[in-house]
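Colleague: I am new to this structure and would like to go through it slowly. Could we begin with the terms and then turn to the chain itself?

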Amino acid sequence: MANDAVADSSLRVVAPAQPGTTDDPVRDVLAAFTNDLVNGVDETLAAFLATEVDSLAEIDAAMGGFAATARDCVLAGGKRVRPTFAYWGWRGLTGGDAPLPAVLPALAALELLHTFALVHDDVMDASDTRRGRPTAHRAAAARHRAAGHTGDPERYGEAVAVLIGDLCLVWADRLMAHATVPPARMLDVRRCYDQMRVETVAGQFLDVLGEHDAAHWSVDRALRVARYKTAGYTVQRPLLFGAALAGAEADTPLIAAYTRYGLAVGEAFQLRDDLLGVYGDPATTGKPAGDDLRTGKPTVLLTLARQLAGPAQRRALERAGTVTEAREVARLADVVRETGAVTRVERMIADRVAEAQAALDTAPIDGTARTALTGLATAATTRRA
């Protein structure tokens, strides 16, 4: 995923020369806070991973190279979306005076969890690129060939990628323990974190199942995948994770507002991903255009297109999952658009953004956090990557 300015529909912002001097107060708030957060997360990750890689290199020289590859997957870019939502969930309770370094390890740990999910997801989807670079399993297979090793390079690459993902998951737990949070509060944080991981696995399984049962998939089920694979793990649970770091009590109006906002923005985030998976610019998304059409993944977009299609369009859409040529993929993308599914999904995104903003209207949170979350609802759902 690329890193663009808010004006270019990204979550990662470019600060103005003088915070507070632009004509957009939301951009000013995001610029004043989010750059410091992203830099803090990146620095925390870099320092932590340097120590971890050195420790593993002592086991064997090959282990050092393996650990360095895992580190590079973490530090290869990305918008740090999950730490950002967790940060604003935390700031919503604490206001602007609480020291950020105390919770930075916990926020950064979410990025390690994200890397675990991405690397495994790429193996399951047989993806070739991620963030404009070869995926972990493809890169490992290439190194296998270059070294002249015996055995199947593709199988080797997949095995290495699974281990990279596993290592990132362990690293996430280890880094989270560095947060300076009272032990009783950390138990609540861990409960939220564990629920997020369970729901992510549930959503991922449904995603895999859908690819093998697309003919019987429904829009409701596709939305369920979005809810558990993306909404919870990208927005809703990180927000609640941040609230737990701040000591929020369960069953309060704030938790209800975060839950409502997070579900709406998270689903809209996945719906935007559905559109980018068909119509995104590879130079911006870092992945080939039309991947979802090549695999036949029953996203909300493709499932809606099948429902709305006329007989000829439906016959064309039956080829999703079998096409390989760029020209065929482009034609299928045109058919999806012609069914009206794109317009319907754009409306669904707008409805969810409105729902999220309504959830914030009366939420008992810090005013700066309210402004930031309002802006993030739009930035997360109008992005190009």
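Modeller: Let me start with a definition: a residue is called buried under 20% relative accessible area, exposed over 50%, and partly exposed in between, with a 1.4 Å probe and protein chains only. This is a predicted model, in which local features need pLDDT of at least 70, side-chain atom pairs count only at pLDDT 80 or more, and totals for chains, interfaces and linings use all residues. Residues are numbered from 1 along each chain as its sequence is written, and side-chain values use heavy atoms, with hydrogens and water left out.

Colleague: Is Asp251 buried or exposed?

Modeller: Asp251 is found in the loop between H8 and H9, where helices (H or I, at least four residues) and strands (E, at least two) are DSSP runs numbered from the N terminus. Its relative accessible area is 80%, so Asp251 counts as exposed.

Colleague: What is the phi of Asp251?

Modeller: Most residues other than glycine have a negative phi. Asp251 is not a glycine, and yet its phi is positive, at about 55°.

Colleague: And where does Ala126 lie?

Modeller: Ala126 also has a positive phi of about 55° although it is not a glycine, and with a relative accessible area of 44% it is partly exposed. Its place is the loop between helix H4 (104-125) and strand S1 (129-130).

Colleague: How many helices and strands does the protein chain have, and what is its radius of gyration?

Modeller: The protein chain has 16 helices and 2 strands. The globule rule, which is 2.2 Å times the number of residues to the power 0.38, is compared with a radius of gyration taken over C-alpha atoms. For 385 residues the rule gives 21 Å, so the chain is as compact as a globular protein of that length, its radius of gyration being 21 Å.

Colleague: How far apart are the end C-alpha atoms of helix H9?

Modeller: H9 is mostly covered, since 20 of its 27 residues are buried. The expected span of a helix is 1.5 Å times one less than its number of residues. For the 27 residues of H9 (residues 253-279) this should be 39 Å, which agrees with the distance between its end C-alpha atoms, 39 Å.

Colleague: Which residues is Leu271 in contact with, leaving aside its neighbours within four places in sequence?

Modeller: Leu271 has its place in helix H9 and is buried, with a relative accessible area of 0%. Although Leu271 and Ile349 are 78 residues apart in sequence, their C-alpha atoms are 6.7 Å apart. Taking contact as heavy atoms within 4.5 Å, Leu271 is in contact with Val300, Val345, Met348, Ile349 and Arg352.

Colleague: Which residues have the most contacts inside the largest nonpolar core?

Modeller: A nonpolar core is a set of buried Ala, Val, Leu, Ile, Met, Phe, Trp, Tyr and Cys residues joined through side-chain atoms within 4.5 Å. The largest one has 110 residues, and those with the most contacts inside it are Phe85, Phe241, Tyr261 and Leu373.

Colleague: How many disulfides are there?

Modeller: A disulfide is a pair of cysteine sulfur atoms within 2.5 Å. The sulfur of Cys168, which is buried at 0% relative accessibility, has its closest cysteine sulfur in Cys73, 6.6 Å away and too far for a bond. By this rule the count of disulfides comes to 0.
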